[in-house]
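Colleague: I would like to learn how to read a few contacts in a model such as this one. Could we go through them one at a time?

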Amino acid sequence: MNKELTREERTDALGGMGCKRKRVEDARFTQGKGNYVDDIQLPGMLQGDFVRSPYAHARVKSIDSSAAMALDGVIAVLTAEDLAPLGLHWMPTLAGDKQMVLADGKVLFQGQEVAFVVAKDRYIAADAVELVEVDYEELPVLTDPFAAMESDVVLREDLLGDGGSLPDGAHGPRKHPNHIFTWEVGEKDATEQVLDEADVVAEETVYYHRTHPCPLETCGCVASMDKVNGKLTLHGTFQAPHAIRTVVSLISGIEEHNIRVISPDIGGGFGNKVGAYPGYVCSVVASIVTGVPVKWVEDRMENLMTTAFARDYHMTGKISATKEGKITGLHCHVTADHGGFDACADPTKFPAGFMNICTGSYDIPTAYLAVDGVYTNKAPGGVSYRCSFRVTEAAYFIERMVEVLAIELSMDAAELRRINFIKKEQFPYQSALGWEYDSGDYHTAWDKALKAVDYDGLRAEQAQRVEEFKAGKTRKLMGVGLTHFTEIVGAGPVKNCDILGLGMFDSCEIRIHPTGSAIARLGTISQGQGHATTFAQILATEIGLPADSITIEEGDTDTAPYGLGTYGSRSTPVAGAATAMAGRKIRAKAQMIAAYLLEVHDDDVEFDVDRFVIKGAPEKFKTMKEIAFAAYNQAIPGIEPGLEAVSYYDPPNMTYPFGAYVCVMDIDVDTGVTDIRRFYALDDCGTRINPMIIEGQVHGGLTEALAVALGQEIAYDDMGNVKTGTLMDFFLPTAWEVPNYETDHTVTPSPHHPIGAKGVGESPHVGGVPCFSNAVNDAFRAFGLRHTNMPHDHWRIWKTANDLGLHG
Amino acid sequence: MSNKKHFKLTVNGEEQEFLAEPRELLIHTLRERLRQTGPHIGCETSHCGACTVTMNGKSVKACTVFVAQADGADITTIEGLGNPDNLHVLQESFKEHHGLQCGFCTPGMITRASKLLEENPTPTEEEVRFGMAGNICRCTGYQNIVKSILAAASEMNAAKEAAE
């Protein structure tokens, strides 16, 4: 026997929670051996490709595919007419609406799927797409949701009742044929009264532009129908493989046990890969029809133009306060542009997601929120791009409103926040719009952040810069962007969170092998978050076996337990909790085995890092490795052989990560060019599982925030043409534009989560967007600017400066 | 449309001969014909760099090179840069410094970085950022990619010095 290790050495040897474990995923990715959907090549596989509409709104009068079919190597050209007998020309959306799989008489957005070509290879398929003749009759185009609510042009005739009546939608009454829903939260009358009676009211309209998650890998799938065994295998870029299996079963009629959905390695998701797309349905149908595998992978232009956009929220706010700056009320109305179909990915009861987190980090006693969803001739979607459901919109709204209020009150924006933060002792905190914040210590985080950046020094420097600018000594202004955000993630409790009726629990199943290694399978799926690394760390700490001896597997519905997938920062809060709970079941059984082996009562042994010891006699112990072996080779009275556990975890509440960010930006008034001099990000995600991975998530989320705030946009012209359909026009920052970030943290564990973890992947995006935007707005505050909309690209900043008369 | 021509390429040290349409894109030749699936397709317009390979000693984006343009070329993909028993310093360094997340950009990143360090063995941070600006990453924010490349450069230079 080797020299006995110290407790600390034994802990380190596990590689458990809190250590900077290197990622187990990296070996294959750095050697080009990842397995992404487009890497899959099955024998006899065909390639699918779409004929898409060049028009944003048009009748489809006829489709002639004869020339395409005549091309050597073309197997089929599917249209809505072919899918209709199967009932598959339309499909349900996640938002309770339905969406055309292939154009059924008309098209509602540019790039809409009109016909699906199946051919022997991608080149023939692309040639055939060009040969399909579609006769369109153009219709008036509505790209503005406010105009759509006034227009006589009906986008969705399919939703009209008899005699043109207006039946209720999935979320209640509709006011106009182009209206989808109204969602109200909070107290309308009380809020209006508070606003009427307030010392000060600040009003502003804040538009959060349409953008797109744009993961580097586009969406795609390979459908393979095995007609001999009646089994369908569907590989795809799915952030929620189990939900996809259920949806495929419901709409195709294939029994769920005969469907195997596999999400292989996924090249980033950020919300884009949550939904179900026509490409998946067409590939499945094509494989059923042809009896061979069919692959469909969208190109970048198709990705940007057609699969799940994000945001497009027109938010009008009123915020009231006392003369001293104590906020008394908040009123928010949103006109939400959902495009041609309502394909938002939100829990059923939340048609505007968790927009009602828009009271932010502040103790606002009275509030009211109303959201109107509207159809337009734009692509459907409305997913949460690197955020929990609509939380980025909410955080951006409140963090802009607080800045506008500070201007109205002639107060410092940092001080205004400080006097309105929910206090540590108020948690759990009941918000005016219905949430129970689990834990927080905002003042500590805020003070730490302001001290780290020498906030007072920055303001003094900024004031001096303004003087120099006015004196003609410089053409550069300086902005100090502040943000304190509160997220709501980890959806969610089954009592109020479901998608298509599926409760949003998650799961983990663990099998301990006789030699003391293990495999754990989860209902989630990593898209770069490093689950194989971090979930093994949770288990290592919980069950006392080294993380390096634990395989984590996700994404195969035949083997993994049912779960709702990875988005909305729900993996750690929900599946991470399931992992810990399943680990504790393993430990409970291990305790009984240890007691038997040590010949004492169960209560006389206790867990100690990697073993069970006899209480008071730690030299007498059985390691988890020994216990694992015993579970398989000893007949223990009253205990079944084996060492396995499953946990389905229904979280009692959401988790509420928060953070304090500061951005220091220099702006060239004559060119509109921004230079981020400094970015400080303090995140509190509760218990920290792997600091290296957390830091990586923060860097990435901030960079996606920089992109959105400073230029990334899905823009349309008045005809509904997408103006930003390639990476030439759609801004993805490179290493050249991105600064180095300073990361910091506090730790306020979630009181209801088994390990106290809250989730972090989306925090930097949620907090980063308002922080960058606030910096731009703040730079011009001394010159009378209240608010200017994102994206703050060079042109818009130049225009802002010009409108303020700063160009002389 | 049978318009196939005979082509010859050397890919990761192995000579390959095949018939293909001249319009076939090199990235498809590599990925689908020769099953070198390390380089990926992210945009098909030369912006993202996920398809970066080394062709005749230069970094190229294989999504916008016709196989006809590559005829006779010597090509190295991520698969030819190292192997499990003998990894390239950059492959180790990206893991060590958490220079990747989803891994989709990584083969192109590392292939480009290997060329960058040949062109400039002692780059500054600014030179790394400029030299890597043709490769987009959506996950990492680049901070750790830059760190990985600078660390690899130091290590390679130290090894070279030790050898001299």
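Modeller: Leaving aside residues up to four places away in sequence, R245(A) touches E256(A), I259(A), V261(A), T557(A) and Y562(A), where contact means heavy atoms within 4.5 Å. This is a predicted model, in which local features need pLDDT of at least 70, side-chain atom pairs count only at pLDDT 80 or more, and totals for chains, interfaces and linings use all residues. Side-chain values use heavy atoms, with hydrogens and water left out, residues are numbered from 1 along each chain as its sequence is written, and chains are lettered from A and ligands numbered from 1 in the order in which they are written.

Colleague: Is R245(A) buried or exposed?

Modeller: Buried means under 20% relative accessible area, exposed over 50%, and partly exposed in between, using a 1.4 Å probe and protein chains only. R245(A) is buried, because its relative accessible area is 13%.

Colleague: Which backbone oxygen does the side chain of R245(A) reach?

Modeller: The side chain of R245(A) reaches the backbone oxygen of T557(A), at 3.2 Å.

Colleague: What does H235(A) touch?

Modeller: With residues up to four places away in sequence not counted, H235(A) touches V37(A), I40(A), G220(A), C221(A), V222(A) and I262(A). The C-alpha atoms of H235(A) and V37(A) are separated by 6.7 Å, although the two residues lie 198 residues apart along the chain. H235(A) is also buried, with a relative accessible area of 16%.

Technical notes:
A polar contact is a pair of N or O atoms within 3.5 Å; within protein, one must be able to donate a hydrogen and the other to accept it, and residues adjacent in sequence count only if both atoms are side-chain atoms.
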